[in-house]
Amino acid sequence: MKQPVLSNGHGGRISSPSVAARTKVPRAAAAPIKEASSSPAPAPAPAPAPATPPRARRLVRVSSKEERVVTAAAAKPKRHKEDSEEETRKLRGEVEALRKEVDRLQLLNTELECDKSGLTHQLALARCTITRLQEQHDIHKAQTAAAQRSNQKDDAMSRPQPPKPPSPPPPPPPSSKILGRAPAPPPPPPQHGKISTVNKATALVEMYNSLNKRDTKKAVAVSAAHHNSIVGELQNRSTHLLAIKTDVETKGELINGLINKVHTNTYTDVEQVLTFVDWLDQQLSTLSDETGVLKHFTWPEKKADALREAAFEYRDLKCVVTEVSSLSVDDGSPTSCEATLRKISSLLDKLEKSMKRLLSLRSSAMPCYEQFGIPTEWMLDSGIASKIKVASVALAKVHMKRVLKEIVADTGGGNTAALVAQSVRFTYRVHQFAGGLDSEAMRAFEELTQRSRLTTA
């Protein structure tokens with residue numbers, strides 16, 4: 001049985017079994033209808049499953065493709081997000097590594113800059129040293145050349161007439177001698193068209209060599225004189241070093257006795273230290289060079305320096321206190337009030353500086369003094385420090401009394417308020433420095449305030 005052939009609308013033919021099946025169904029259904037009249041109807045056959053049309057199948061395939069595309073499209077952003085996060089982590093790690101590398105390079109650059117500056121400084125110093133040495137060399141060279149020229153000139157002036165050389169054949173004509181120059185050679189005999197033959201003047205060569213030897217010997221002598229002066233200094237030939245050597249040889253017993261006294265002397269107060277240091281300095285002053293001589297002995301330098309330091313500081317503080325204590329308002333000098341007050345203020349400045357120096361010395365040198373057996377009671381608050389405070393209170397009393405004297409003499413009272421204010425400020429400064437005032441200073445202050453009230457009233 002032939003299958004039906006369908007046209008696709010373009011002139012071609014398509015055989016389709018499904019279409020043939022659809023065309024056969026009506027005929028099969030018609031057959032039972034004709035037999036229904038003659039025989040009883042059999043049970044109906046099960047209906048065949050409806051065939052899926054091609055268009056429906058294509059739609060199903062398209063739908064499944066779309067679902068796969070949608071699923072792939074939904075999974076793609078998730079994978080892209082994971083890839084982006086991984087890439088971000090990698091980039092952050094690289095950035096952190098680069099940052100660490102930059103920090104390391106910056107630190108290395110800083111170290112190289114420091115090394116560069118140090119090398120630049122050393123190079124500059126080396127150049128300065130080279131320049132200085134070159135200048136010294138040029139100066140020495142110029143001096144040597146000048147000495148050589150001077151010696152040559154003196155030799156030429158004082159040199160006698162050299163003996164005439166033996167007359168070689170032909171004998172040379174006599175020539176006049178110029179100062180410092182060899183006699184001129186004889187003129188060659190004229191020859192026409194031929195090269196003249198010359199003979200060696202042996203006497204001239206010998207004289208020239210003798211002159212050169214003499215000049216060289218004098219230059220060497222001048223240079224040796226400078227060298228010997230330096231070497232003589234180094235070899236203890238100078239007057240200073242000879243004096244040191246003489247003291248070392250002749251005063252060894254004296255120096256050993258001084259060393260023994262420095263080691264063994266004991267002191268009960270700082271006044272004894274002051275006396276001993278004065279005697280020690282007097283003995284050492286007989287040496288030509290104290291440092292140069294004592295370095296040849298086992299001199300107790302640290303203890304001697306500590307004794308001298310303690311004596312110097314105590315003497316200086318004592319002098320300041322004595323100067324302040326000697327100041328009086330009734331000294332009879334015609335000094336103006338302003339000059340007197342200015343002097344009193346400068347003395348208070350000295351006292352304050354002396355107190356600061358004493359406190360600094362107490363913290364730095366007191367353990368050393370105790371180690372060497374030097375008295376330290378004078379450095380305490382009950383020692384020279386209390387005398388300094390008492391002296392400052394005495395300054396305040398002198399200041400107030402001088403202001404009172406000026407107020408009494410000033411009948412107009414125009415300058416009273418300024419003087420009283422100045423005196424009050426100064427007295428307060430002393431009060432803070434000394435920690436208070438004594439009864440006499442308080443009476444002077446009360447009198448000053450009463451006098452100022454009366455004057456202003």
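1. A helix here is a DSSP run of at least four residues, and helices are numbered from the N terminus. With that in hand, helix H4 covers residues 239–250 and contains Asp 247. Please keep in mind that this is a predicted model.

2. A word on the overall layout. The chain has two strands and twelve helices.

3. Now for the chain as a whole. It has 457 residues, and 21% of them count as buried. Among contacts with a separation of 6 or more, 70% are between residues 24 or more positions apart.

4. Back to Asp 247, which I would look at on screen. This residue is buried and yet has no salt bridge. Which side chain of opposite charge is nearest to Asp 247? That is Lys 251, at 4.0 Å.

5. What does Asp 247 touch, leaving aside residues up to four places away in sequence? The partners are Gly 252, Leu 287, Ser 288 and Val 293.

6. Finally, a surface feature. Leu 105, Leu 108 and Leu 112 make up a nonpolar patch on the surface, and their accessible area together is about 260 Å². Leu 112 sits in helix H2, which spans residues 54–158.

Conventions: Residues are numbered from 1 along each chain as its sequence is written. This is a predicted model: local features need pLDDT of at least 70, side-chain atom pairs count only at pLDDT 80 or more; totals for chains, interfaces and linings use all residues. Side-chain values use heavy atoms; hydrogens and water are left out. Buried means under 20% relative accessible area, exposed over 50%, partly exposed in between (1.4 Å probe, protein chains only). Contact means heavy atoms within 4.5 Å. Patches are made of residues with over 30% relative accessible area and no salt bridge: like charges are joined within 9 Å, nonpolar side chains (Val, Leu, Ile, Met, Phe, Trp, Tyr) within 5 Å. Accessible areas come from the Shrake-Rupley method with a 1.4 Å probe; for residues, only the protein chains shown count as cover. Lys and Arg count as positive and Asp and Glu as negative; His and the chain ends are not counted.
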